[in-house]
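Good morning, everyone. Please look at the sequence and the structure together while I speak.

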Amino acid sequence: MSDRPNTDALSVALFSEIFMADQLARNRLTKALPKGMEISHFSVLNHLARAGEERSPAQLARAFHVTRGAMTNTLNKLEWAGHIHIRPDWDDARRKFVSISPAGTRARDAALAAIAPILSDIVEAIGTERVKAALPVLREMRIRLEDEN
């Protein structure tokens, strides 16, 4: 006897919950971010701050699984705000490198200070042990989805 109908229903329920949690989290965090900052801006600033080194726009697009055009749009907004520096590659003028600016570091830190309490409250309400138990499953799902790209 096939277990497929049960697996299909479980799969739909799981991904429905993930999609709804994502939407609700984005809405709540967007409201908490400093004025003018979007989640995509924070994500790029956070990535650059954690990496501690320059990245090309193409590397950033791959890391975030977005098109180069979408990443260029985000980088243009961040550059206009003074949060990043974009410089040419001295060896290949067709390429560019992106680094976080001191103002970008301050903006990222302010955003992190605004959203960290929201995230911590949710984790505390659920329970740290339950969250720790869910992380390996979510991580494996992400890895499997990345492998298919």
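This is a predicted model: local features need pLDDT of at least 70, side-chain atom pairs count only at pLDDT 80 or more; totals for chains, interfaces and linings use all residues.

Residues are numbered from 1 along each chain as its sequence is written, and side-chain values use heavy atoms, with hydrogens and water left out. Helices (H or I, at least four residues) and strands (E, at least two) are DSSP runs, numbered from the N terminus.

I begin with the aromatic rings. The structure holds one aromatic pair, formed by Phe 15 and Phe 19. Their centres are 6.0 Å apart, with 50 degrees between the planes, and the pair is tilted. For this term, rings of Phe, Tyr and Trp (its six-membered ring) pair if their centres lie within 6.5 Å; planes under 30 degrees apart are stacked, over 60 edge-to-face, and the rest tilted. Phe 15 and Phe 19 are separated by about one helical turn because they lie four residues apart in helix α1 (residues 4-32).

How accessible is Phe 15? Its relative accessible area is 29%, so Phe 15 is partly exposed. Phe 19, at 54%, counts as exposed. Here buried means under 20% relative accessible area, exposed over 50%, and partly exposed in between, with a 1.4 Å probe and protein chains only.

Next, helix α3, residues 57-64. Which of its residues are buried? They are Ala 58, Leu 60 and Ala 61. These residues cover an arc of only 160 degrees around the axis, which puts them on the same side of α3; the arc is that of the directions from the helix axis to the C-beta atoms. The buried residues of α3 pack against α2 (39-51), α4 (68-80) and β2 (96-100), where contact means heavy atoms within 4.5 Å. Just after α3, His 65 has a positive phi of about 55 degrees.

Finally, the packing of α2. Its axis and that of α4 come within 10 Å and cross at roughly 85 degrees; axes are lines fitted to C-alpha atoms, for helices over the stretch in contact, and angles run from 0 to 180 degrees between N-to-C directions. The two helices, α2 and α4, are therefore roughly perpendicular. Angles under 35 degrees count as roughly parallel, over 145 as roughly antiparallel, 65 to 115 as roughly perpendicular and the rest as oblique. Residues in this contact include Val 44 of α2 and Leu 75 of α4.

α2 also packs with helix α5 (residues 102-126), at about 115 degrees and with the axes 9 Å apart.
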